[in-house]
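Biologist: I would like to learn how to read a structure like this one. Please take me through it feature by feature.

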Amino acid sequence: MRPPVTEASHVGSGKVRELYALDDERLLLVASDRISTFDVVLPTEIPDKGRVLTGLSGFWFARTRDLVPNHLIALREDGRSTECRRLEMLPIECVVRGYLSGSGWKDYVATGEVCGHALPDGLVESQQLPRPIFTPATKAQTGHDENIDRATAAELIGEERFDEVEAIALALYAFAADYAHERGIILADTKLELGLDDEGRLVLGDEAFTPDSSRFWRADGYAAGATPPSFDKQFVRDYCESLGWDKTYPGPELPDDVVAGTRARYVEAFERLTGIEFDAYLADPGVVLR
Ligand SMILES: Nc1ncnc2c1ncn2[C@@H]1O[C@H](COP(=O)(O)OP(=O)(O)OP(=O)(O)O)[C@@H](O)[C@H]1O
Ligand SMILES: [Mg+2]
């Protein structure tokens, strides 16, 4: 006999989210306050981080649904749980870069290219690219995602699907980058996850344009040639690197000032991007959808 499907049907844990099956078609995604850096979940949590991620994703889902349908059905009162359509996720991470940073910068320095995109000579770190580029990565089950070129990604999802995914990812990036720029924030790069619904249509899933999935820089502190001050995990990464940690489990505990500084950055990203006070979101998560 099949056990009844209840909210207790836990179907998986990511580094940050817990997944529960509500029924055959719907999932409950619960964003915890866990933080991972260099793909290691740290032992210390950042209070309310999961709510920032959930609220920001909801905000963007509500504003991009004309560009591409998304998985959001409802946000729950706790501000960290999303009822969503269950998708068959594509086996690639859909990364778009408007600026040269992180692994894109590393690849450029080594080869002059990023994911098969030949780039002009002489670019410096954090420089804006001539135009945003789609730079997919593998979805590593364990370990680090790996940047892949068009041919490798097309092998995983098919040529035609690749073109469709690239166009959607670039359109979403362009929308969010313009929106953020008007609010004094540069969206340097971002990672999106797309999946297929029952009818084989592409749907945006997971989280969207959060400090976990994106590099956000303050526009007023931006200068090419250095790492601009950011709203993402760079603050925690810098702390962890200052310890000389080898980036394997277990990760280091975070001191109170690093926890508070990280929380403040996440909340500030939420408030600047949405124009909504974080306390207003905590009181009524539905505010981000209106
Ligand atoms: N609508 C959806 N249907 C099915 N799976 C989804 C949906 N939205 C997101 N997911 C998956 O749920 C998981 C979210 O968990 P989380 O973000 O914590 O994972 P992660 O650490 O980023 O990656 P991993 O799953 O590899 O551990 C991801 O594997 C993501 O692909
Ligand atoms: Mg994730």
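Modeller: Start with pairing: two strands pair if DSSP finds at least two bridges between them. Keep in mind that this is a predicted model.

Biologist: Which residue is the bridge partner of Thr 190 in β16?

Modeller: Ser 214 is the partner of Thr 190. In total, 5 bridges join β14, residues 185-196, to β16. The two strands run antiparallel.

Biologist: How far apart are the C-alpha atoms of Arg 218 and Cys 94?

Modeller: They are separated by 23 Å. Along the chain, the two residues are 124 residues apart.

Biologist: How do I read an aromatic pair?

Modeller: A pair of aromatic rings is described by the distance of the centres and the angle of the planes. This structure holds 15 aromatic pairs. Take Tyr 99 and Trp 217: the ring centres are 5.6 Å apart and the planes stand at 75°, so the pair is edge-to-face. The cut-off for that class is over 60 degrees.

Biologist: Which parts does the pair of Tyr 99 and Trp 217 tie together?

Modeller: Tyr 99 lies in strand β9, residues 92-99, and Trp 217 in β16, so the pair ties together parts 118 residues apart in sequence. Tyr 99 is buried, with a relative accessible area of 8%.

Biologist: What class is the pair of Phe 270 and Tyr 281?

Modeller: The centres of those rings are 5.4 Å apart and the planes are at 50°, so the pair is tilted. It links distant parts of the chain, 11 residues apart: Phe 270 is in helix α6, residues 256-274, and Tyr 281 in helix α7, residues 278-283. Phe 270 counts as buried at 0% relative accessibility. Tyr 281 is buried at 1%.

Biologist: Which residues do ring pairs link into a cluster?

Modeller: The cluster consists of Phe 59, Trp 60, Phe 175, Tyr 179 and Phe 209.

Biologist: Now the ligand. How many residues surround ligand 1?

Modeller: The shell has 16 residues, and the closest are Lys 15, Val 16, Arg 17, Arg 85 and Glu 193. By class, 7 are nonpolar, 2 polar and 7 charged.

Biologist: Where are the backbone contacts?

Modeller: A polar contact is a pair of N or O atoms within 3.5 Å. A backbone N or O atom of Arg 85 lies 2.8 Å from a nitrogen atom of ligand 1. For Leu 87, a polar backbone atom is 3.0 Å from a ligand nitrogen. Asp 206 also has a polar backbone atom 3.0 Å from a nitrogen atom of ligand 1.

Biologist: How much of ligand 1 does the protein bury?

Modeller: Taken alone, ligand 1 exposes 610 Å², and the protein buries 80% of that. Elements giving two or more residues to the shell are β2 (17-21), β3 (26-31) and β7 (81-85).

Biologist: What should I check in the backbone?

Modeller: Look at omega and phi. Tyr 249 and Pro 250 are joined by a cis peptide bond, with omega about -10°. Pro 250 is found in the loop between α5 (234-242) and α6. Lys 247 is found in the loop between α5 and α6. Lys 247 has a positive phi of about 65° although it is not a glycine.

How values were computed
Residues are numbered from 1 along each chain as its sequence is written. Chains are lettered from A and ligands numbered from 1 in the order in which they are written. This is a predicted model: local features need pLDDT of at least 70, side-chain atom pairs count only at pLDDT 80 or more; totals for chains, interfaces and linings use all residues. Side-chain values use heavy atoms; hydrogens and water are left out. Helices (H or I, at least four residues) and strands (E, at least two) are DSSP runs, numbered from the N terminus. A residue is near a molecule or strand if one of its heavy atoms lies within 4 Å of it. A polar contact is a pair of N or O atoms within 3.5 Å; within protein, one must be able to donate a hydrogen and the other to accept it, and residues adjacent in sequence count only if both atoms are side-chain atoms. Accessible areas come from the Shrake-Rupley method with a 1.4 Å probe; for residues, only the protein chains shown count as cover. Ala, Val, Leu, Ile, Met, Phe, Trp, Tyr, Cys and Pro count as nonpolar, Asp, Glu, Lys and Arg as charged, and the others, Gly among them, as polar. Rings of Phe, Tyr and Trp (its six-membered ring) pair if their centres lie within 6.5 Å; planes under 30 degrees apart count as stacked, over 60 as edge-to-face and the rest as tilted. Buried means under 20% relative accessible area, exposed over 50%, partly exposed in between (1.4 Å probe, protein chains only).
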